[in-house]
Amino acid sequence: MSDVIDIHNAGPADLERAAAAAARDFDAYRSTTPAQRAAFLHRIASEIDALGDALVQQVTAETGIPVARATGELARTTGQLRLFASVVRAGEWTQARLDTPDPQRTPLPKPDLRQRSVPLGPVAVFAASNFPLAFSVAGGDTASALAAGAPVIVKAHPAHPRTSRLVGDAVRRAVAAENLPEGTFSVLLSSGPEIGVSLVQDPRIGAVGFTGSRRAGLALVATAAARPVPIPVFAEMSSVNPVFVLPGALAERAALIGRDLVASMLTGVGQLCTSPGLVFVADTADADTFLAAAADAVSTGPTGPMLTTGIAQAFGEHSARAAAVDGVQILAHGESSTQPCGGRPQLLMTTADRFLAEPVLAEEVFGPSSLIVRTPVDRFADVVAGLEGQLTATVHAAADDHPQARELVRRLELVAGRLVFNGWPTGVEVGHATVHGGPHPATSAASTTSVGSRAIERFLRPVAYQNLPEELFPEEIQKANVWSVPQRVDGKLLT
């Protein structure tokens, strides 16, 4: 078993070796049974769990992420792998459908038509900077692609190379332990963009999973579209996760909402894709209480290092640009940080008219910053209409607000992938009903999710089989159903 390639040394020869192995072993891996694939995913989780404190310590050393969060992210990572093991065993992902033939039907006989899902091909996964485990080498994209029967080549993120090495080695140990072909999984560690671009261009790659910036994500989408045979890129990119605070909620708990907003904003030093970066607050007298509580929470709140010097520098530039827009007021600053990767929290405020007139105010500022927009109650529909696609949208409402909240939810469901009521968007539950996606530019594929059991669907496509002899139909759509997957027969689901 070869070692994971060093961070500075991955080059064209390494990519060629990984792509050739993935293409060579694609058919063998996709032919594994659900039981085999589920056992593999469980084995990966166990190998990562066995790293324990050593892995957590490496995460904190490379990223500055606190031990508690790194420990939680480790549990989320292995939990995702086990979730997809259960998904594979349950078999709904096969989308097995059987239409009973009727050779006597007139004017034309009805054929024996059956359908199942097959993997798109080897998948290139781009690891994220802000989640060194859960959205990285063995994160959700990798877990869901492997569950779909697709070999994976991971482009690891240079922000945490040693963490990537540890996890990559764990996955490769699982490959060997389960007697799977070597091309099932590979990691490419490289500090430049060239390997990533070449990976997307490689004709042996069938799909791409990406979590990162809008600029990088759109570049990969363009690269994939320009191939002789274009492939889908499932990119999670940019979101300001708007929050709407209605009058009744302000009257009931303005100070609490203000404090909780800042707690959510400062989670992960604001470097979460679900961080609340835009808050529309009903312009009532109670808004003053909300603003005072939020400002106090920012000025006295904790600060911490950002993930990289590059991210910290970009945050400084983008937050200063937002604060410099005419009509924007700096409501509060957090403490200045002396750390090389420090990011100073800030809370900005403006009016609905200024927000609608200045498109730059709707752009993501990746870091501990939020813009509060004092919004007349009759202008909420206008500001929703001015929003781009989002991962999340949040509504705070009291019982008296429900008529307005109902209309707001109807509008927001066309804008965001997940709607949160009287809560906060940070923290993504990994489960069967989860959606972590949304319209462009939140993602490049609005009909998909990158978290939760439906994430497997991204890497599958339907195939229909007509009038094959029974023994030639794939196992999941044979009448014997030896894999015991759910089958929809003549439109009726049988389990």
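On a 1 Å grid laid over the protein atoms alone, a cavity is a set of points where a 1.4 Å probe fits but cannot get out, while a pocket is an open set with protein on both sides within 12 Å along at least five of seven lines; a residue belongs to the lining if it has an atom within 4 Å of a point. Grid points are joined across faces, edges and corners, and a volume is the space filled by probe spheres set on the points. Rolling a probe the size of a water molecule over the atoms shows where empty space is left.

Before we start the tour, please keep in mind that this is a predicted model, in which local features need pLDDT of at least 70 and side-chain atom pairs count only at pLDDT 80 or more, while totals for chains, interfaces and linings use all residues. Residues are numbered from 1 along each chain as its sequence is written, and side-chain values use heavy atoms, with hydrogens and water left out.

A search of the whole structure finds 5 cavities of 30 Å³ or more. The largest cavity holds about 180 Å³ of space. Its lining is made of 22 residues, and those nearest the centre are Gly277, Glu363, Glu364, Val365 and Ser369. Strand E12 (residues 369-375) gives the most to this lining, with 3 residues. The names of such elements follow a simple rule: helices (H or I, at least four residues) and strands (E, at least two) are DSSP runs, numbered from the N terminus. By class, the lining of the largest cavity has 12 nonpolar, 8 polar and 2 charged residues. Here Ala, Val, Leu, Ile, Met, Phe, Trp, Tyr, Cys and Pro count as nonpolar, Asp, Glu, Lys and Arg as charged, and the others, Gly among them, as polar.

The second largest cavity contains about 60 Å³. Among the residues that line this cavity are Phe234, Glu236, His436, Thr443 and Arg458. Its lining divides into 3 nonpolar, 6 polar and 2 charged residues.

Now for the open spaces. The largest pocket has a volume of about 1,200 Å³. It is lined by 40 residues, and the closest to its centre are His157, Gly212, Ser213, Arg215 and Ala216. Where does the largest pocket lie? Domain 1 (12-237 + 446-494) and domain 2 (242-421) both give residues to its lining, so the pocket lies between them; the domain bounds come from an automatic or database domain assignment. Strand E4 (152-156), helix H6 (194-201), strand E6 (207-211), helix H7 (214-225) and helix H10 (309-323) each supply at least two residues of the lining. The largest share, 6 residues, comes from H10. In total, the lining of the largest pocket has 19 nonpolar, 14 polar and 7 charged residues.

The second largest pocket holds about 530 Å³ of space. Of its 23 lining residues, Gly91, Glu92, Trp93, Gln95 and Glu457 lie nearest the centre. Helix H3 (67-90) and strand E15 (460-466) are among the elements that each supply at least two residues to this lining.

Next, look at helix H8 (residues 247-266). A straight helix of its 20 residues would span 28 Å at 1.5 Å a residue, but H8 spans only 25 Å between its end C-alpha atoms; the expected span is 1.5 Å times one less than the number of residues. H8 has a kink of about 95°, centred on Arg253, where the bend at a residue is the angle between axes fitted to the seven residues ending there and the seven starting there. Arg253 is one of the buried residues of H8. Buried means under 20% relative accessible area, exposed over 50%, and partly exposed in between (1.4 Å probe, protein chains only).

Finally, visit some loops. A cis peptide bond joins Thr106 and Pro107, with omega about 5°, and Pro107 is found in the loop between E1 and E2. Another cis bond runs from His440 to Pro441, with omega near 5°; Pro441 lies in the loop between strand E14 (416-421) and E15. Asn422 is also in the loop between E14 and E15, and its phi is near 55°, a positive value in a residue other than glycine. Asn241, in the loop between strand E7 (233-236) and strand E8 (243-245), has a positive phi near 50°. Are these two residues buried, partly exposed or exposed? Asn241 is buried, with a relative accessible area of 0%, whereas Asn422 is partly exposed at 35%.
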